[in-house]
Structure formats: C-alpha cells, structure tokens
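Please read the following explanation with the sequence and the structure side by side. It moves from an interface to a single side chain and then to the strands.

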Amino acid sequence: MASDDVGVAIGAILLSGLIIAASVIAVIIGLGVGSLVGGGVGFINYCKSFRANVRRERPGV
Amino acid sequence: MSISATKDPAFRSYFFGKGYRDLLATIAESWQRNLDSAKEFFDKAPGSDDPEEIYRSCLWIAAGVSTLIFGTVLFVAASALHVVLLCMVFLLVYVGFTGLWLLERSYLAIRSFFMACPHCHARTTIPEYFCDGCGAIHARLLPNSYGIASHICQCGKELPATFFLDRGRLQARCPQCHENIAREHVESRRIFVPIMGGPSAGKSAFLFGAVRQLVDHEAGSLGFRAEFFDKRSEGAYRGVVGLLESGRPPDKTRDPIPRAFNLALHKNGRLAFLLYLYDPAGEAYQDADKLAAHGFHDYLSGMILVVDPFAILAVRSRYEGELKRECSSLKPSDLPIEDAVDRLLLTLEADFGLSKRGRVKQPLAIVLNKVDAFDLNDFIGEAAVDRALAAWTGSQPPDRDAVRNMVLREQLVDWGEQAFVSRIEGRFGNVRYFSCSALGRMPDGSRTEFTAREVLPPLLWIFGQADSASFASSTARTGT
C-alpha cells in the first residue's frame with residue numbers, strides 16, 4: 001500500500017514538473033515570438049522614421 | 001561629410017546642426033509609428049464568442065502588447081545607438097578640424113604667413129575668399145564646423161578650407177576695406193618698412209632712389225631679381241624716376257595713409273621676398289590721429305626715419321645766410337626731428353601695445369638726408385667718416401660702418417640733439433645712423449638728372465636684420 005502511495009506522489013510530482021516545464025517553455029516561446037514580432041515592428045518603424053527624417057541637404061555637385 | 005544649410009554661404013557640417021534635428025524627428029516619428037502599429041493590432045482583435053475568433057483575438061492582442069513592450073525596448077536601444085553614433089562622429093569631426101586648424105595655424109605662424117592688406121594695412125590670419133563657382137564670399141574658409149578640409153558653397157562648389165589644399169588659388173579680398181588681395185599678400189615672406197619723417201625731409205626721393213638702385217644694380221649682386229609686384233607700384237616708380245631723370249624732385253606726397261609700394265624679389269625663379277615700403281605724407285607725423293591709421297606698425301620689420309638736418313636749430317643757425325638764398329630749393333623741414341619720433345612713440349603706445357617704458361624691438365635706421373647741401377658732407381657725409389678713420393688711433397683697424405655710426409651720433413649731439421639721441425636709444429633696441437643724399441645734389445633748377453647717393457645701405461641693413469641669411473652679402477656691406 002505504501003509503495004502505491006509513493007508511486008502516486010512521484011507521478012504527481014512528475015506531472016507537476018511536466019506542466020511547469022511546459023508552461024515555462026510556452027512562456028519562453030511566447031516571449032521569443034513576442035520579442036520577434038514586437039522588436040521587428042519596432043525595428044521596421046525606426047528604419048522608416050530614420051529614412052524619412054535623416055537626409056543631407058546639399059545641392060548636387 | 002554630411003552638411004546642412006545655414007545663413008553662411010557654406011553648408012554647416014551635418015554633425016553640427018541638422019544631425020540633432022534629424023535625431024529628434026526620427027525618435028518622435030518612430031515612437032508614434034510604434035503606437036500606431038500597436039493600435040492597429042489591437043483593432044484587428046475581433047470581439048466574438050466563437051472560440052476560434054477568441055483565439056485569433058488573443059494572437060492580435062499579444063502582437064499589440066509585444067509591439068508596445070518589445071517595440072519600445074528596441075526603440076529605446078535604436079535611439080541610444082543613434083545618439084551615440086552621432087556624438088562619436090561629432091567628436092571625430094571636432095577633433096579632426098581642431099587638429100587641422102592647429103596644424104595650419106602653427107605652420108602659418110612659423111612661416112610668418114598672415115594677411116597684410118597693402119591698401120588699408122589691416123592684419124588678419126586669412127582674408128575673405130570668393131567662391132570660384134558663384135562668387136559668394138566665404139569669411140572663414142578654415143577647418144571648422146563647416147568642414148574639416150573643405151567647405152561646400154551653397155552653389156555646390158567644394159572649396160579648399162586649408163592652406164595645405166591650395167586655398168590660396170581662390171581670389172581673396174581684405175575683410176576690412178574689401179579690396180582684392182593677391183595671394184602673395186598672404187602666402188609669402190614679406191618685409192615691411194615705413195619711411196618716416198617730417199614734411200620735406202626727402203622721404204619720397206629716398207624711397208624711390210633706394211628702389212631705383214635696388215632694381216637697377218644691387219638686387220642682382222644679392223642674387224635676386226627685382227620686379228614690380230603690381231602696376232600701381234610700377235606706375236608710381238616710373239612717374240618719380242621720370243621726374244628725377246629730368247632733374248625735377250618728386251612731387252609732394254599727399255596721402256597721410258599710404259598704400260604699400262610693393263617690390264618682389266625673386267630667387268631661382270621663385271618669389272623670395274615681397275617688400276612693403278610705405279611713404280606717408282610728412283604731415284602724418286604732425287598728427288598722432290593720422291599715425292594711428294598706419295596699421296603696418298602692427299607688423300613692421302624695421303623703420304627708417306629720414307631726418308632733414310635743416311630741421312635742427314643749430315644747423316639752421318649755422319647756414320642761416322645760405323638758407324635765405326636756397327630756401328625754396330632746399331625746402332627745409334619745419335617739423336623738429338624729435339617731434340616725429342615722439343608722435344610715433346605715442347601712437348605705438350596708444351594703439352599698438354607698446355608699454356610706456358617698453359623698447360621697440362624692430363631696427364630703426366636714422367638717415368640724415370641732404371648731405372649734399374653746402375658743406376654738410378664734411379660733418380655727416382663720407383668726408384667726415386674718412387677724416388675720423390684717418391684720425392683713428394686704436395690698435396684694431398676700425399669698421400667703416402661703426403665709425404660712420406659714431407660720427408653721425410656725435411654730430412647730432414654736437415648740434416644739440418642729445419635729447420633726441422637719448423630718446424631714440426632709450427626707446428628703440430636696435431638703432432643705426434646713416435647719411436645720404438636722396439637727390440644726389442642740390443636742386444638748382446637745371447635739368448640734370450638727380451642720382452641718389454648712399455640711400456640703399458639703410459634699407460639693406462633693415463633687410464639684413466629681417467633675414468640675415470638671405471641678405472648676408474648686404475649685411476657684410478653694412479657691417480652688421
């Protein structure tokens with residue numbers, strides 16, 4: 001009987017660990033994808049702004 | 001280099017103006033774009049109970065939140081990088097033009113290159129330059145915030161901004177009087193010598209007599225080829241020499257603020273020296289205000305004071321009878337000799353930084369003129385020097401120039417000019433006495449040519465003091 005309880009406990013711990021690991025991985029993936037999307041959008045926006053505003057003013061020589 | 005437009009006819013370096021306006025505009029626009037992007041994502045999230053739509057909404061909301069968070073992080077990082085890069089290039093440009101500016105300044109100082117205007121006598125480091133594309137005037141064509149080595153004119157022409165890139169090829173003008181300036185008035189070795197003295201002391205005759213001897217004879221023996229630098233100088237020379245050749249003395253100088261008489265001395269086919277000789281009207285020495293306009297005192301190489309012996313009371317008394325007969329031809333100067341020096345010293349103290357007890361470092365040649373008159377040759381001419389040499393009792397053979405110096409000094413003292421001699425020797429660190437006949441003979445109404453005598457040694461002595469190596473043979477001749 002005692003060995004069954006130990007087995008359940010181990011199973012519960014393993015399951016919890018699995019769930020936690022899956023959550024962490026999901027968060028990491030979410031952050032990664034989010035940073036790629038957000039960072040990419042931010043980068044594109046900065047590039048567009050840079051291109052629109054930074055230019056030399058001189059006549060053609 | 002990037003540049004932007006300013007009020008100056010050149011474009012200011014991008015990193016000294018427009019770069020920072022662009023930075024602010026980029027930051028502001030980028031932030032606004034991030035907000036707009038995030039709003040666009042949020043607006044795309046459909047409001048529905050359908051699980052699939054809810055899932056899609058979550059994705060758009062996540063994208064909007066990501067844009068707000070990570071877009072802002074990237075925006076901050078990109079802005080910081082932009083600021084750092086801009087500042088780094090700004091520093092590089094600043095260090096670049098400061099270094100080149102210092103190098104050029106040092107080089108120009110070592111070579112004694114500066115602008116000396118022959119018209120108004122203004123002194124500046126460099127003149128104003130004309131753009132050779134559109135003629136716009138560039139007042140400070142130096143390594144600065146408008147460009148390190150070159151400036152871009154607003155017409156688009158690239159102009160050299162340093163001596164090392166042949167800036168001197170551009171037409172220049174004086175920033176003060178706006179007269180055009182030849183390159184040699186900035187970039188050449190120059191010797192500046194004013195011929196001073198009261199009215200009718202014989203300054204013009206002395207100047208043109210000396211130039212005539214230099215051009216016709218002496219320049220060649222010194223290894224130079226003398227050439228008039230401009231048509232104005234040549235015209236003035238031809239005019240006066242024409243008068244002298246026909247037995248007429250030069251006309252009275254009217255201009256109290258003279259333009260420089262420029263003579264070029266070439267050696268081995270290159271300009272070695274540009275001489276600036278100034279012949280102001282003697283009336284300038286009767287008025288300290290007029291002397292203040294003689295800006296060349298700021299950079300002169302030496303001075304020649306032409307003294308009319310008949311301005312000395314003792315000489316007038318001695319030749320009273322003769323002077324009554326010859327007054328119209330001799331034209332004795334009515335300015336006491338110490339007055340010219342006193343006014344000059346006052347002007348140097350008031351306007352040219354000479355302290356009250358300071359000594360003028362530049363050499364001063366005191367030239368007693370009109371040695372041809374009556375028997376003055378026996379007192380201040382070569383006859384007096386010969387007599388002193390014959391009477392010499394020292395063990396060493398005397399130097400003729402040193403003896404002449406002594407004879408003339410003592411004669412001035414004997415004529416009661418001790419105060420003048422003391423004043424001169426107290427306030428000038430390097431004084432030498434000479435005598436000459438600027439016309440060569442007394443004006444007697446005849447048309448016999450005037451030929452100056454002993455007018456060149458004072459000038460050559462000054463030249464030798466300015467550059468002993470180049471005028472070695474002349475210094476040997478004048479005993480310095």
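This is a predicted model: local features need pLDDT of at least 70, side-chain atom pairs count only at pLDDT 80 or more; totals for chains, interfaces and linings use all residues.

Residues are numbered from 1 along each chain as its sequence is written, chains are lettered from A and ligands numbered from 1 in the order in which they are written, and side-chain values use heavy atoms, with hydrogens and water left out.

The contact (heavy atoms within 4.5 Å) draws 33 residues from chain B and 23 residues from chain A. About 2200 Å² is buried between chain B and chain A, with carbon and sulfur atoms giving 62% of that area; buried area is the accessible area (1.4 Å probe) that two parts lose on being put together, summed over both. Seven residue pairs, both at pLDDT 80 or more, are in polar contact between chain B and chain A, a polar contact being a pair of N or O atoms within 3.5 Å where, within protein, one must be able to donate a hydrogen and the other to accept it, and where residues adjacent in sequence count only if both atoms are side-chain atoms. On the side of chain B that touches chain A, β1 (3-5), α1 (18-44) and α2 (51-110) of chain B each supply at least two residues, and α1(B) gives the most, with 12 residues. Helices (H or I, at least four residues) and strands (E, at least two) are DSSP runs, numbered from the N terminus.

Helix α2 of chain B also holds E104(B), which counts as buried (under 20% relative accessible area, 1.4 Å probe, protein chains only) because its relative accessibility is 1%. The side chains of E104(B) and R167(B) are joined by a polar contact of 3.1 Å.

Among the strands of chain B, four form an open antiparallel sheet in the order β6-β5-β9-β10, where strands pair if DSSP finds at least two bridges between them. β6 (137-138) and β10 (180-181) of chain B stand at the edges with a single partner strand each, so one side of each is left without a neighbour in the sheet. Within β10(B), N180(B) is the bridge partner of R173(B).

Strand β11 (residues 190-196) of chain B is mostly covered, with seven of its seven residues buried. β11(B) pairs in the parallel sense with strand β14 (residues 270-278) of chain B over five bridges, and two bridges join β11(B) to strand β15 (residues 303-307) of chain B, also parallel.

Note on methods: Buried means under 20% relative accessible area, exposed over 50%, partly exposed in between (1.4 Å probe, protein chains only).
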